[in-house]
Amino acid sequence: MYKDLAPKISDSELEVVRVLWRAGDALPVTEIRESLQKSRGWEATTVKTLISRLVTKGVLRQEKRQVYYYSPLITEAEYNDWATHDLISRVYHGSARDLVAALVRSDGLSKADIDELRDLFKLEES
């Protein structure tokens, strides 16, 4: 299911979904708006438009209580999984090795990162 939802999420819409992921629970528009007003400076109408789009796209669930509450229908892990595979596919022609090589060449990985990855590979071999 997430593979169908993830490509539909714009960068701005993703900011809304991230607020909900961080909250770990359904939130009303006012709390989502307050969070995004502080971090992004977005007006209430902008946030309401983004939420409406996400509901229409099937990315957010809308639940009527005293006011409407919103929760994501895609987890952060599912989105990150999709985004990683999409990056590897689009930029590195399907080669995860080329992605890692680019990170190493560009100093994108610290020695500690490399050691941690080496340990992960050792676990996979066991």
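## Close-up views of a predicted model

**View 1. A three-stranded sheet with antiparallel pairing.** Here 3 strands make an open sheet, ordered β1-β3-β2, with antiparallel pairing. β1 (27-28) and β2 (60-64) are the edge strands, each pairing on one side only. Strands are DSSP E runs of at least two residues, helices are H or I runs of at least four, and both are numbered from the N terminus. Two strands count as paired if DSSP finds at least two bridges between them. This is a predicted model, where local features need pLDDT of at least 70, side-chain atom pairs count only at pLDDT 80 or more, and totals for chains, interfaces and linings use all residues. Residue numbers start from 1 along each chain as its sequence is written, and side-chain values use heavy atoms, leaving out hydrogens and water.

**View 2. Where β1 meets β3.** Strand β3 (residues 68-72) runs antiparallel to β1, and 2 bridges join them. Zoom in on Pro28 and you'll find its bridge partner in β3, Tyr69.

**View 3. Helix α4 over the sheet.** Helix α4 (residues 44-57) lies across β2 and β3, at about 105 degrees to β2. For that angle, axes are lines fitted to C-alpha atoms (for helices, over the stretch in contact), and angles run from 0 to 180 degrees between N-to-C directions. Arg53 sits in α4 and is partly exposed, with a relative accessible area of 43%. On the accessibility scale, buried is under 20% relative accessible area, exposed is over 50%, and partly exposed is in between (1.4 Å probe, protein chains only). The C-alpha atoms of Arg53 and Ile9 are 9.3 Å apart, though 44 residues separate them along the chain.

**View 4. Glu13 and its partners.** Glu13 belongs to helix α2 (residues 11-23) and counts as buried because its relative accessibility is 2%. Its side chain makes a polar contact with the Lys57 side chain at 2.7 Å. A polar contact is a pair of N or O atoms within 3.5 Å; within protein, one must be able to donate a hydrogen and the other to accept it, and sequence-adjacent residues count only if both atoms are side-chain atoms. Leaving aside neighbours within four places in sequence, Glu13 is in contact (heavy atoms within 4.5 Å) with Lys8, Leu50, Arg53, Leu54 and Lys57.

**View 5. The buried side of α6.** In helix α6 (residues 96-105), the buried residues are Leu99, Ala101 and Ala102. They share a side of α6 because they cover an arc of only 165 degrees around the axis, taken from the directions from the helix axis to the C-beta atoms. These buried residues pack against α5 (76-91).
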